[in-house]
Amino acid sequence: MNNKNLNINKIQNRAAIIGVVVIIIAWVINMITMDINFSFANLAHMHITNPILFIIDALPICFYFIVKFFSKVIKKRILDFEAKIKDQTENIRNNAQFAQKIGEGDFSFDQMSIDKNDVLGKSLIKMRNDLVASKNKEDEQNWIAQGKDKISTILRLHTDINDLAYDTLVNLINYTKVTQGAFYVYEEDEKKLVNVATFAYNRKKYQTQEFKLGQGLIGQSAYEMDTIYRTEIPDDYVTITSGILGEEKPSCILIVPLITDDKLQGVIEFASLEKEVDRLKINFVEELSDILARTIFNLKVNSQTEKLLKEAQEMTEELRENEEELRQNAEEMRVTHDELEKTNENLEKQILEVENAQKRLHSLLENASEVISIYDDNLKLKYISPSVAKIYGYSVDEMIEGKDMGRLTSQGVNEMKKAFKKLLSNPNTSLSIQYTYMRKDGEKIFIESTGRNLIHDPAISGIIINSQDITERKRAEKEERMKSQMQALSENSPDMIIRFNTEGQFFYVNPIVKIFTGIDTKNVIKKSVDEVNFNSQIIDFFKDTIRKVKETQHKVNTEIVFPTNFGDRVMQVNSIPEFNEEKELETILVVAHDITEMKNIEMEIQDKNKKITESINYAKRIQGSILPDTKFVQTYLPNSFIFYKPKDVVSGDFPWFFKKKDTIYISAVDCTGHGVPGALLSFIGYFLLNNIVDHEEEYNAGQVLDRLHYGVRKTLKQDQSDANARDGMDIALCKIDLAKSKLEYAGAHRPLYLLRNGELSQYKGNRKAIGGIPLGKKPELDFQNHIINFEVGDKIFFFSDGLTDQLGGPNKRKYQASRIRELLTEHSDFTMVQYSNFFARDFKKWKGETKQIDDVLLIGIEF
């Protein structure tokens, strides 16, 4: 730097010397050319008298000062350039060192030495930050992958669920560096979670715990099938003591359900003394939960398979032993068979002698009117006479094989057993029983059997039974009994019962006819209609009835007004044709039942129903006047529709719409029940929603549902200790800001579907309803608020459960939410008008002739 300054000074000095020399030369030239004696006086005189000469002489002086000035400017600029070059050199050196560190993988270099205004420096800092983020993400993924590999190796080593649970739990606790943990397996048959492994403070713990679904944090996580992570630990949370820390309560807990294919297999729980568990560890356990769930499911299946295999092996061994025993029996039977053959040869001669006698006896027994059978003392048929074929329809062999008891009713079998028991205990008595028997042709007959104990008689050696068919006798007895019963019923019946022939001659009238008409029944029998002093209106009715029955040959039902002794009465009259054996119309039985009181009650009911219907229709007009329809909603949301189909006149489902400033609120509400009760609840929900959003426009969708939830409880007094009304409502609520393209959604048991570019996304509502009795000390979660930044062309849909629960289709199954999702994606190019028409047709086709089971509401909006 000093050398450069010296060079600049040398240039300035040389310029000054040159200027002085120029001045001197100029003076000398002037003096010579003008031939004037040189003196300062002459010189001054010449400059005064000659301005041009003065200017010429002054130029060197001016040149000197100009050079002096510009040399200072140049010096300043050179110094500035040198400073910039120095800064740039320093920046380049720092950037080079920074780049070298990055290249070596050292991201700890202090970026304060990098100029933030330097493009290359800023790029290097951004590259360093991106590489650090990428490295961190890669480290996290490697950590998760290593953990998965480690646990997967453990899972492959075990076939017992308890051992697997303990080993997995120990390694997870060590890997995630938490304090303690527990492993629960879900037993689907008993609907409970059972603790199979507990580990804390580097040692195994023996805990026996069971939780039902929804019970405690474990049961809640299993019921909701969702992870629970809490840093506020309940007072009643179970702690596991250690020798060092005592009963210190954990600072945070993590509970993750083990789910595969939407089926719960278990729950894994961790607790830590640290203030919180890293999100990386939570993600790791959640990703691992599906692997654990599938492994548990496979072990359960393998266990069941092993059990069945073991049973099959036991059965195989048993069959093998039986096979050996059968082989030995076969050998014994072969020996016995040889002996029997010899015996048969001797018997054949004796049989031949008996055959002739048997033929004679068989001929006699075959044509007998009763069946003779012989049983041993074990109720086994030894002999039955050939007449069985004529009476029972079965051959002798069929009866011997078991048809003797197989065609009896259970009562008949019991009667036979009782009779045999008595005959065995009283050998000298004779006993008769009656029972029904089913012939081979399917005809039911009545049998009377008389038994005698002849076991000690060598010729019989059994209990002999004589059986005969008494069907005709039983039928005659039944007919006689029925006639007597019918006579008694007719005589005591409150209805008028009259029988006459086709010519109008009376054969029978019961006593009640006299009470109604005042005519003694003795003056009616065997007389014609015209001969009896009945009211002319009654006579005309009888004649008309005879004509109609003769024409139609069928029963005629008539409702007429009968003149009686105590005024006109409304009668329900059944005129029944009666045919003879040749199927010719022989008589007509007229039964007239007084339905006057029933008619009066029916008219009263009709009047009340009319008034109730008018009231319900008026309620429908009121409900319809406050609820929005598609045309009204399309004023603010042009591409929208409402598919609304109440089950009854008034509805428990209702669409709700409210606009305030630039905000639009719209929802589908499903109240408990339908009809009038549901409509009353709908008014509560409608006015509460209006009041909430009109006064508190800053509430998001979730907060609106929170206020509605408490408002319904207060209105229905469900917050009181003696409350028993569990009525409430499900809802899907949207808060829309069209200017900001922002949608807020919250739901109670109802989802929202977003259709974007043909892809369907589902936003689930909370698993609780609006209203209802609080669940004791269990804290309630606020309704979750979902924020969606919608785009042009996005379509949203939300609906009540009346659509999904409707039975129909070829197998009378539910419509189901999965069908709605499939139809939406299948027809993703539909407009809202096309969607509205399509779902109306599809629902009608699905329902068919099946009764609608609930109110139906579906709302669709396209942005």
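Me: Which element gives the most to the lining of the second largest cavity?
Reply: Rolling a probe the size of a water molecule over the atoms shows where empty space is left. In this structure α10 gives the most to the lining of the second largest cavity, with four residues, where a cavity is a set of points, on a 1 Å grid over the protein atoms alone, at which a 1.4 Å probe fits but cannot get out, and lining residues have an atom within 4 Å of a point. The model is predicted, with local features needing pLDDT of at least 70 and side-chain atom pairs pLDDT 80 or more, while totals for chains, interfaces and linings use all residues. Residues are numbered from 1 along each chain as its sequence is written, and side-chain values use heavy atoms, without hydrogens and water.

Me: Which residues line the second largest cavity, and what is its volume?
Reply: Its volume is about 50 Å³, and its lining includes Met416, Phe420, Leu423, Ile433 and Ile465. At least two lining residues come from each of α10 (410-425), β10 and β11 (444-454).

Me: How many cavities of 30 Å³ or more does the structure hold, and what lies nearest the centre of the largest cavity?
Reply: There are four cavities of 30 Å³ or more, and the largest cavity holds about 110 Å³ of space. Of the 14 residues that line the largest cavity, Ser373, Tyr375, Tyr392, Tyr435 and Ser467 lie nearest its centre.

Me: Which element supplies the largest share of the lining of the largest cavity?
Reply: β8 does, with three residues, while β8 (371-375), α9 (396-406), β10 (430-438) and β12 (462-469) each supply at least two.

Methods:
1 Å grid on protein atoms, 1.4 Å probe; cavity = no way out; pocket = protein on both sides within 12 Å on 5 of 7 lines; lining within 4 Å. Points joined across faces, edges and corners; volume = space filled by probe spheres on them.
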